[in-house]
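Look through the sequence and the structure before reading the points.

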Amino acid sequence: MNYAPIILSFQLALVTTFCLLIIGIPLAYWLSETRSKAKPVFEAAISLPLVLPPTVIGFYLLLVFSPNSAIGYFLKTYLDLELIFSFTGLIIGSIIYSLPFMVHPIQSGLSNLPNNLAEASYVLGKSRWTTLKSVLLPNIKPALFTGIVLSFAHTLGEFGVVLMIGGNIPGQTRVASIAIYDQVEAMNYAAAHHYAFVLLVLSFVILLLVYVVNGHYFKNIGRARI
Amino acid sequence: MLEFELTKHFGKGKRRFSLDVKAALPTGKIIGIFGPSGAGKSSLLRLLSGLEKADNGFIKIKNEVWSDTNKKIFLKPQQRAVGYLFQSYSLFPNMTVMENLTFAAEKDTPFSKLEQLLNATQLTEKKDQYPASLSGGEQQRAALARALIRRPSLLLLDEPLAALDETIRTSLQSYILSLHKRFRPTTLLVSHDREELAKLCDLVIEMEEGKITQTVTPNLLFGDTQTIDLTSGSYRILTLIRHKGQLIVELVSGKQKIKLALNSASWPDLKSGDTIQLTGTTFNLLSTNTTS
């Protein structure tokens with residue numbers, strides 16, 4: 001069995017999750033405390049991948065990244081960056097596709113914290129960044145963990161977006177889910193089964209980990225409060 | 001002096017609430033804020049701390065301007081020397097008592113100062129414990145120590161003892177008094193408890209519907225059940241305040257200045273400087289002071 005698609009899937013999931021952490025935390029923080037009238041617009045836009053078929057997102061990204069579009073042309077001409085059929089393109093597509101899985105748990109965790117926790121930190125002279133880093137994030141560890149694991153698992157199982165943007169280039173864009181499709185098309189069910197089984201087991205283990213770790217965390221908190 | 005003149009509109013339509021307050025208060029004192037729920041007491045504290053921005057007005061403490069809408073000055077909460085004690089303690093759950101203090105302290109704060117505060121709040125033995133394992137009273141003591149570590153010039157206490165039982169409340173009142181005596185921050189204390197305000201405060205601000213209705217000494221506001229028998233005769237009124245159907249008069253009796261509460265309806269036209277004819281009856285005594 002060729003493990004390259006599985007390794008590539010893991011690489012994609014790792015890089016995407018890391019990027020989503022950097023993007024998702026400030027975005028969730030802003031959404032959790034803004035009183036802006038534009039908030040529902042942002043929330044709806046972030047949640048779109050939950051309801052849209054992945055092929056729709058993939059199709060529009062294909063149009064945007066295409067050298068015929070203004071953005072694609074700019075990237076190609078000035079930054080020498082071609083996003084279609086590339087690993088970088090896959091990462092950008094995956095970030096957009098998995099964004100709600102990172103933002104929603106963190107936003108919900110932050111919104112559920114008592115308001116005056118952040119305010120207490122501000123009146124102690126602490127900046128918003130210090131407050132987020134030292135007070136808010138350490139108190140939403142389960143939400144952070146959920147965001148990280150769900151984003152990772154969701155990227156791991158991605159198919160439609162990857163197929164539309166990345167195609168099926170071995171070693172570059174052929175991730176595990178594409179490899180399964182490829183093997184089924186070639187009637188090679190044994191190989192497809194191998195990939196599918198590995199993904200099934202990994203996804204189950206990851207979700208099990210979320211429930212066990214979060215359950216353990218809340219149990220410990222409960223004990224500490226008695 | 002702590003001076004402020006602030007207006008702020010909250011909400012819209014039927015939920016609209018306007019705060020319009022003005023006061024000049026002495027620094028270094030404990031000043032109570034008293035009034036019904038929804039009078040704007042906590043909103044006033046939030047404006048003073050910088051957690052809310054006033055629509056109009058200014059805040060000045062010891063000639064330092066914290067905000068002035070005319071001059072477009074607004075110091076963020078981080079830039080004001082404020083200590084804020086919330087009703088729900090708001091200790092950081094991920095930090096031990098000591099970590100809560102070190103997080104709040106300036107970087108160059110000597111360790112001895114932290115220990116001194118822990119000692120003053122009797123939390124030395126609990127310093128390595130997390131807030132969840134402390135009792136309500138201990139949490140509030142730790143929050144008080146944390147609020148004082150930066151030596152705030154203004155300490156805001158928003159019903160800090162409301163959630164505690166009677167015994168703990170009484171002991172914490174003593175903590176507040178002794179810590180105030182030691183650090184002398186100008187302190188604003190929101191409370192519904194008349195006894196607490198009478199015990200702790202030098203002055204009490206009364207608020208109603210977003211406005212300050214009066215600023216008086218606690219005994220003047222809450223009265224006293226003590227009574228006095230006065231000899232019939234004429235007494236000159238030094239000061240006079242009408243408050244909720246009561247007439248609070250200060251007059252001289254022999255070598256004493258005394259404050260009495262009279263029924264306002266019986267004396268509709270009385271003013272300061274007038275002479276009042278009292279006929280040997282028992283009156284509610286508010287306070288007495290020996291005159292020189």
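Chain B and chain A bury about 1,800 Å² between them, and 60% of that lies on carbon and sulfur atoms; buried area is the accessible area (1.4 Å probe) that two parts lose on being put together, summed over both. This is a predicted model, in which local features need pLDDT of at least 70 and side-chain atom pairs count only at pLDDT 80 or more, while totals for chains, interfaces and linings use all residues. Residues are numbered from 1 along each chain as its sequence is written, chains are lettered from A and ligands numbered from 1 in the order in which they are written, and side-chain values use heavy atoms, with hydrogens and water left out.

**The interface**

- Chain B brings 23 residues to the contact and chain A brings 20 residues, where contact means heavy atoms within 4.5 Å.
- Of the area that chain B buries against chain A, 30% comes from Gln78(B), Phe92(B) and Phe103(B), more than from any other three residues.

**Salt bridges**

- Over all chains the structure holds 8 salt bridges, each being a side-chain nitrogen of Lys or Arg within 4 Å of a carboxyl oxygen of Asp or Glu.
- Across the interface of chain B and chain A there is 1 salt bridge.
- Arg46(B) and Glu119(A) join their side chains in a salt bridge at 2.6 Å, N to O.
- Within chain A, the side chains of Arg128(A) and Glu33(A) form a salt bridge at 2.3 Å, N to O.
- Arg128(A) is in helix α7 (residues 128-136) of chain A and Glu33(A) is in helix α1 (residues 4-33) of chain A, so this pair ties together parts that are 95 residues apart in sequence.
- Helices (H or I, at least four residues) and strands (E, at least two) are DSSP runs, numbered from the N terminus.

**Two helices of chain B**

- Helix α4 (residues 136-148) and helix α5 (residues 166-183) of chain B pack at about 15°, with axes 11 Å apart; the axes are lines fitted to C-alpha atoms over the stretch in contact, and angles run from 0 to 180 degrees between N-to-C directions.
- That makes α4(B) roughly parallel to α5(B), a label for angles under 35 degrees.
- Residues in this contact include Leu144(B) and Leu148(B) from α4(B), and Leu172(B) and Phe183(B) from α5(B).

**Around Thr7(B)**

- Thr7(B) belongs to strand β1 (residues 2-10) of chain B.
- Thr7(B) and Gly210(B) are 203 residues apart in sequence but 9.2 Å apart in space, C-alpha to C-alpha.

How values were computed:
Angles under 35 degrees count as roughly parallel, over 145 as roughly antiparallel, 65 to 115 as roughly perpendicular and the rest as oblique.
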